[in-house]
Amino acid sequence: MKKHIIVVLIFCFMCFGGTVREVSAANSGTCGPSATWELDGGVLTISGSGAVTERPWHYKYTQIWEVEIGDEITEIPDSAFEGALMDRISIGSKLEKIGSQAFEATYLTEITIPESVKEIGEEAFLYCGLLQKVTLPKEVKRICEGTFSSCTKLTDINLEHICQIDKNAFYDCDRLERVSFGSSLERISPKAFDECDRLKEVTFMGGKPNVHEKAFAWALALRKIVNHSESNIPVPPCDEIIWKQDKKKVKKVSPGKTAKGIGKKYKLSYTGVDKKLFGTLPKSYRFYEKTSLPVSVKTKGRIQYYWLYDKWRWTDGLMGLCGDLKLTPCWMKYQFIKKSDTKTVLRVNLGAQSLTSMHLDLRYSEHKDMKKSKRAYCRDLDGDIVLKKLKKGKTYYIQFRAEDFDIDIHTKWSGKIVYKNR
């Protein structure tokens, strides 16, 4: 009997002992000539010295929550942490180079890059959609192509020591509102700040930079360029915005001057509007400048939540539109049909204004601020939506929005409809 037990133990050790060692090895090892790594409890620690040349942890990206890079590490490779769930990082004081796409699509919210770093590769922070603040070292002189592209929450970055900014470096950074360039700036490439939708002001502090005429293409909110440099700075090429310097139209901002842009003005007219409900409506608007339109006007059994123009196109604001417009309020009728103490059907109807590519997204809550809200959907803009798990005697607040399948956009949340579950 004892022999059988010993044989079984030896067999198990032979079969599974190697596996145990392999699992242990899979969480640590070498990643460069003199560099090692270890993943423990979601923390990836890179130790040793010199360049990291491999990324053996790449198949464990969903397990990496934090990265610690040792003081003697000098270089991290391309795609080093691409796609990792990491939201925190500490970097040693001797790192000199960050590879291309090193932090692509990670969950970092801010990062301080040490003064030792001299080079940051292309698309290093591409698609870091939560990144809000970046502290760059003074030794980094070039922002490579796509480095911060689609960092849609980036608001804080100092570029005053940068010499060169490449194509798409800040593409779609639509939370940037102001940027300032120092006297060391030499060149800004085309589309460097393309589609930075909220960029309002740009300042050139000095030097003699070569700024491409499309450097700020589609930065449609840009309205002020301050030029303390020795160069003529081109204004963005948009026919819908008129730029003036000293009250004269310009296409370039002269040295020592400031130019301001203003959107072209267009007329607004309306059909199907009850003045008692809507009050005074704007008669005009300017391109890509905020003009308020009333939404969520309510009457008994119906609510207005967006506007139609060109008979079928819909909008809940005028940003991005141009030309004279005739607007029609779009109404939705609604009716509550109680099924039980815990379940009520909300019947909605958009009638002839219904758009086939759209559906209704609804949320409801016991709280006015819509905390802990529940969601429900209607595949069309006409139909029944079931409100479940209601509490008898409670008041519920309901909001909805229309979504367009074809172009993947939606209206803002409507005003609140109040339902008392008696």
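Me: Which residue of S30 does leucine 308 stand opposite?
Reply: Leucine 308 stands opposite threonine 328 in S30. The model is a predicted one, in which local features need pLDDT of at least 70 and side-chain atom pairs count only at pLDDT 80 or more, while totals for chains, interfaces and linings use all residues. Residues are numbered from 1 along each chain as its sequence is written, and side-chain values use heavy atoms, with hydrogens and water left out.

Me: How many bridges are there between S28 and S30, and in what sense do they pair?
Reply: Strand S28 (residues 302-309) pairs with S30 in the antiparallel sense over six bridges. Strands here are DSSP runs of E with at least two residues, numbered from the N terminus, and two of them pair if DSSP finds at least two bridges between them.

Me: Which other strands pair with S30?
Reply: Strand S25 (residues 265-270) pairs with strand S30 (residues 325-338) in the parallel sense over three bridges, and there serine 269 stands opposite lysine 326. Strand S31 (residues 344-349) pairs with S30 in the antiparallel sense over six bridges, with leucine 346 of S31 as the bridge partner of phenylalanine 336. A hairpin through five residues joins S30 to S31.

Me: What about the open sheet, in what order do its strands come?
Reply: The order is S15-S17-S19-S24-S21-S22, six strands with mixed pairing. Strand S15 (178-181) and strand S22 (248-249) stand at the edges, and each has a single partner strand, so one side of each is left without a neighbour in the sheet. Within this sheet, S21 (residues 241-245) and S24 (residues 258-263) run antiparallel and are joined by four bridges, and isoleucine 242 has isoleucine 262 in S24 as its bridge partner.

Me: Changing topic: how many aromatic pairs does the structure hold?
Reply: The structure holds 17 aromatic pairs, where rings of Phe, Tyr and Trp (its six-membered ring) pair if their centres lie within 6.5 Å, and planes under 30 degrees apart count as stacked, over 60 as edge-to-face and the rest as tilted. The rings of tryptophan 37 and tryptophan 57 have centres 5.8 Å apart and planes at 65 degrees, so this pair is edge-to-face.

Me: Are those two tryptophans buried or exposed?
Reply: Tryptophan 37 is buried at a relative accessible area of 5%, and tryptophan 57 is buried at 0%, with buried meaning under 20%, exposed over 50% and partly exposed in between (1.4 Å probe, protein chains only).

Me: Which phenylalanines form a stacked pair with 20 degrees between the planes?
Reply: Phenylalanine 193 and phenylalanine 216 do, at 5.1 Å centre to centre. Both Phe193 and Phe216 belong to a cluster linked by ring pairs, which also includes Trp37 and Trp57.

Me: And the cysteines, how many disulfides does a search find?
Reply: A search of the whole structure finds zero disulfides, a disulfide being a pair of cysteine sulfur atoms within 2.5 Å.
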